[in-house]
Amino acid sequence: MTTGQDRAAQPETGPQDDEQLPTIAEQMADQLGGWRGLVESSIPVVVFVVANIIGELRPAVIASVAVALLIAGLRLAQRRPIRHAINGLFGIGIGAAIAWRTGDERDFYLPGILYGIGYGVALLISAAIRQPLVGWIWSVLVAKGRAEWRDDPKLVRVFTQLTVLWGVVWLAKVGVQAGLYLAHQDTALGVARLALGYPPYALLLLITVWTVRRVTREPQPTPLPGA
């Protein structure tokens with residue numbers, strides 16, 4: 001009899017499908033946009049922080065948005081994927097618009113803080129109702145739409161634990177930024193935005209990929225003769 005874990009480790013498409021799965025490094029590179037994606041997504045925030053320290057708010061807003069547009073334009077001209085550039089431009093644009101309207105530089109970071117709170121809460125709620133969000137994201141991004149893990153109690157438990165980990169870490173890092181926001185520590189908030197951006201995300205992604213691959217590739221016990 002085939003167990004749920006067997007189905008997760010060896011989908012119906014055959015043994016060759018497992019070989020076609022991207023490696024851990026490839027999966028991380030795709031989600032993070034590679035080293036170029038990491039750098040490009042951070043540049044507009046760095047520009048805003050530096051320009052705001054040496055100048056005023058509005059020139060800093062204009063400079064950060066201009067850099068984000070330039071990066072997106074270069075990627076488009078080079079026919080490179082622009083998903084990460086567009087995501088970054090969207091986030092920068094909303095924060096810049098709010099900061100421009102209120103005249104308060106810390107509001108540049110407000111959308112990211114609110115998004116992080118919402119994402120962290122959604123992760124914990126999904127784990128509480130046994131529909132772990134990390135598992136469904138794994139199905140979409142890695143497992144080519146398959147969701148056999150739902151039939152395997154062990155994988156459901158693993159994805160639930162990973163979802164709780166993601167939610168706790170996400171709320172912790174957003175909590176630091178929210179504290180700095182409320183304390184009007186604008187420069188420290190910018191530094192925290194950079195330091196608590198991709199590094200925790202990359203670590204969580206590595207833990208997730210390694211854990212799920214280890215669980216799905218664990219050898220099954222050999223059934224006893226006549227069982």
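Which residues does Tyr-109 touch, not counting residues up to four places away in sequence? In this predicted model, Tyr-109 touches Val-45, Phe-48, Val-49, Asp-186, Leu-189, Gly-190 and Arg-193 once residues up to four places away in sequence are set aside. Both Tyr-109 and Phe-108 are buried, and the two belong to the residues with the most contacts inside the largest nonpolar core, a group that also includes Phe-48, Phe-159, Trp-166 and Trp-170. This core has 35 residues. At least two residues of the core are supplied by each of α4 (34-54), α5 (57-77), α6 (83-102), α7 (110-128), α8 (133-141), α9 and α11 (198-216), and the most is given by α9, with 9 residues.

Helix α9, which spans residues 153-182, packs with α11 at an angle of about 170°, and the axes of the two helices lie 11 Å apart. Because an angle over 145 degrees counts as roughly antiparallel, α9 is roughly antiparallel to α11. On the α9 side, the contact is made by Lys-154, Leu-155, Val-158, Phe-159, Leu-162, Leu-165, Trp-166, Val-169, Trp-170 and Lys-173, which meet Pro-200, Tyr-201, Leu-204, Leu-205, Ile-207, Thr-208, Thr-211, Val-212, Val-215 and Thr-216 in α11. The residues of this contact divide into 15 nonpolar, 3 polar and 2 charged.

Aromatic pairing was examined next. Across the whole structure, a search finds 11 aromatic pairs. One of these is formed by Phe-108 and Tyr-109, whose rings are edge-to-face, with 5.2 Å centre to centre and 85° between the planes. For Trp-166 and Tyr-201, the ring centres are 5.7 Å apart and the planes stand at 85°, so this pair is likewise edge-to-face.

With a relative accessibility of 9%, Thr-160 counts as buried. When its neighbours within four places in sequence are left aside, Thr-160 is in contact with Ala-127, Arg-130 and Pro-132.

Definitions and conventions:
Residues numbered from 1 in each chain as written. Predicted model: local features only at pLDDT ≥ 70, side-chain atom pairs only at ≥ 80, totals over all residues. Heavy atoms only, no water. Helix = DSSP H or I, 4+ residues; strand = E, 2+ residues; numbered from the N terminus. Buried < 20%, exposed > 50% of the residue type's maximum accessible area, 1.4 Å probe, protein only. Contact = heavy atoms within 4.5 Å. Core = buried A, V, L, I, M, F, W, Y, C linked by side-chain atoms within 4.5 Å. Axes fitted to C-alpha atoms, helices over the stretch in contact; angles between N-to-C directions. Parallel < 35°, antiparallel > 145°, perpendicular 65-115°, else oblique. Nonpolar A, V, L, I, M, F, W, Y, C, P; charged D, E, K, R; others polar. Phe/Tyr/Trp six-rings, centres within 6.5 Å; stacked < 30°, edge-to-face > 60°.
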